[in-house]
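Thank you for making time this morning.

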Amino acid sequence: MVARRAEEMTSFIVMDVLERANVMERDGIDIIHLEVGEPDFDTPDCVKAAACKAINDGHTHYTHSLGLMELREAIAEYYDETYGVNVSPHRVMVTQGTSPAIFSVFSTMLEAGDEVIISDPGYACYPNFIKFVGGVPVKVPVTEEDGFQYRVAEIEKRMTDRTKAIFLNSPSNPTGNLLSTDRMERIAKLGPAIVSDEIYHGLVYEGEEHTMLEFTDDAFILNGFSKLYAMTGMRLGYVIAPEEYMRPLQKIQQNFFISVNASAQMSGIAALKEAKADTLRMKEIYNERRKYMIGRLKAMGLGITVEPTGAFYVFANVKHISMDSYKLAFDILEKAHVGVTPGVDFGENAEGYLRFSYANSLENIERAMDRLEAYFKERE
């Protein structure tokens, strides 16, 4: 029999949309993808060159389970230069993408029945990570009118003696909104450990992102190279953790993952040291797309009360069109041939919304907006 924890795991609905879109493409239908949160840019040349050189130089074997010290030092230097926080490389563990970092952190932190506070809407996979290791996700609704930001009072209402952590994601997937520094500071003082997913740092177009390490040392920082450096397929992430958790995290790494791909780690060093100009160029193009997409969606009558300023998503209110975002997203795919993600993928409080990704060319976004405009006019 299939284990209950696997049987009860929910699907990642955006992948359902993508897989249906792939079938339609094989049938010759032109699909414009605005559903998947993956950079459309090529990986920077310096990163690719470093990966090739690493393989040619024989870096094809196990590394230290925590990761190459040169990479861990480069990550610590990056946090010092970017945020002004002092991070010891001995508090850094390199992982095979940020998802294994989340798994390892909660495996280390949670006993059965321990609670983790998460936002609703929030990244679809967070609750599954927590539940898979026996924890309980406790959802705090966040609203469009408040820029999808946590209200500290709402967190406090849901805290119990089993609350082990508060999960933050800023800039957020799916909303693209930033958490204010005032709220970050107040959340840091609530008591439970903070788990902060900072994978979209570097992709902020208005305002400035802040790491939770600026407000507390009792934090687990999740980050990686997939989004900012367009390295999704290289599967390279990391966690910065309090010192007392490093040995338990290391034992989980040793048992479940051994170590991270050696050549990918070498490419990560190059990304941190050589790819800044590439990331700034990509960021500028993302921002152009962001502004265009927001303008077009608003002109169609979709609700965007507080404009997103980070990541590469626009989370638009379509409650006046449909309160079944799953059905609406698939109808858009079938009739307008545009892939979008239904809000329900991100929580009950996200029903009535659609997520649009601008990780696609401006030309394709323009075509997609034209198709969507025609689709919504047809529904009137």
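This is a predicted model: local features need pLDDT of at least 70, side-chain atom pairs count only at pLDDT 80 or more; totals for chains, interfaces and linings use all residues.

**A walk through the model**

Let me start with Asn-223, which, once its neighbours within four places in sequence are set aside, is in contact with Tyr-79, Thr-98, Glu-198, Ile-199, His-201, Gly-237 and Tyr-238, where contact means heavy atoms within 4.5 Å. Residues are numbered from 1 along each chain as its sequence is written, and side-chain values use heavy atoms, with hydrogens and water left out.

Asn-223 sits in strand 7, residues 219-224; helices (H or I, at least four residues) and strands (E, at least two) are DSSP runs, numbered from the N terminus. Is Asn-223 buried or exposed? Its relative accessibility is 5%, so Asn-223 counts as buried, the term being used for under 20% relative accessible area, with exposed for over 50% and partly exposed for what lies in between, using a 1.4 Å probe and protein chains only.

One of the contacts of Asn-223 is Thr-98, and that residue takes us to helix 5, residues 98-109. The end C-alpha atoms of helix 5 are 17 Å apart, which agrees with the 16 Å that its 12 residues should span at 1.5 Å a residue; the expected span is 1.5 Å times one less than the number of residues. Helix 5 is mostly covered, with 10 of its 12 residues buried, among them Thr-98, Pro-100, Phe-103 and Phe-106.

Helix 11, residues 276-299, has 24 residues, and from its first C-alpha to its last it reaches 35 Å, close to the 34 Å expected at 1.5 Å a residue. Its buried residues include Tyr-286, Asn-287, Arg-289, Arg-290 and Arg-296, and what covers the buried residues of helix 11 includes strand 9, strand 12 and helix 13 (362-379). Just after helix 11 comes Gly-301, with a positive phi of about 95°.

In general, strands of a sheet pair through backbone hydrogen bonds, either parallel or antiparallel. Strand 9 and strand 12 (residues 353-357) run antiparallel and are joined by five bridges.

Which residue in strand 12 is the bridge partner of Asn-317? The partner is Tyr-353, which counts as buried because its relative accessibility is 4%. Not counting residues up to four places away in sequence, Tyr-353 touches a list of residues that includes Glu-144, Phe-148, Phe-315, Asn-317, Ser-325 and Thr-341. Tyr-353 and Lys-319 are 34 residues apart in sequence, and their C-alpha atoms are 6.7 Å apart in space.

Phe-148, one of the residues that Tyr-353 touches, lies in the loop between strand 4 (136-141) and helix 7 (152-158). Its phi is near 55°, a positive value in a residue other than glycine, and Phe-148 is buried, with a relative accessible area of 12%. Ile-258 also has a positive phi, near 65°, and is likewise a residue other than glycine, but Ile-258 is partly exposed, with a relative accessible area of 39%. Its place is the loop between helix 9 (246-257) and helix 10.

Now to helix 10 (residues 262-274) itself, whose axis comes within 8 Å of that of helix 3 (residues 45-56), the two crossing at roughly 145°. Axes here are lines fitted to C-alpha atoms, for helices over the stretch in contact, and angles run from 0 to 180 degrees between N-to-C directions. The contact is made by residues including Cys-46, Ala-50 and Ala-54 of helix 3 and Ser-263, Ala-270 and Glu-274 of helix 10. These contact residues divide into nine nonpolar, two polar and one charged, where Ala, Val, Leu, Ile, Met, Phe, Trp, Tyr, Cys and Pro count as nonpolar, Asp, Glu, Lys and Arg as charged, and the others, Gly among them, as polar.

Finally, the cis peptide bonds. One joins Asp-120 and Pro-121, with omega about 10°, and Pro-121 lies in the loop between strand 3 (115-120) and helix 6 (126-132). Another joins Asn-173 and Pro-174, with omega about 25°, and Pro-174 is in the loop between strand 5 (163-169) and helix 8 (181-188).

Definitions and conventions
Two strands pair if DSSP finds at least two bridges between them.
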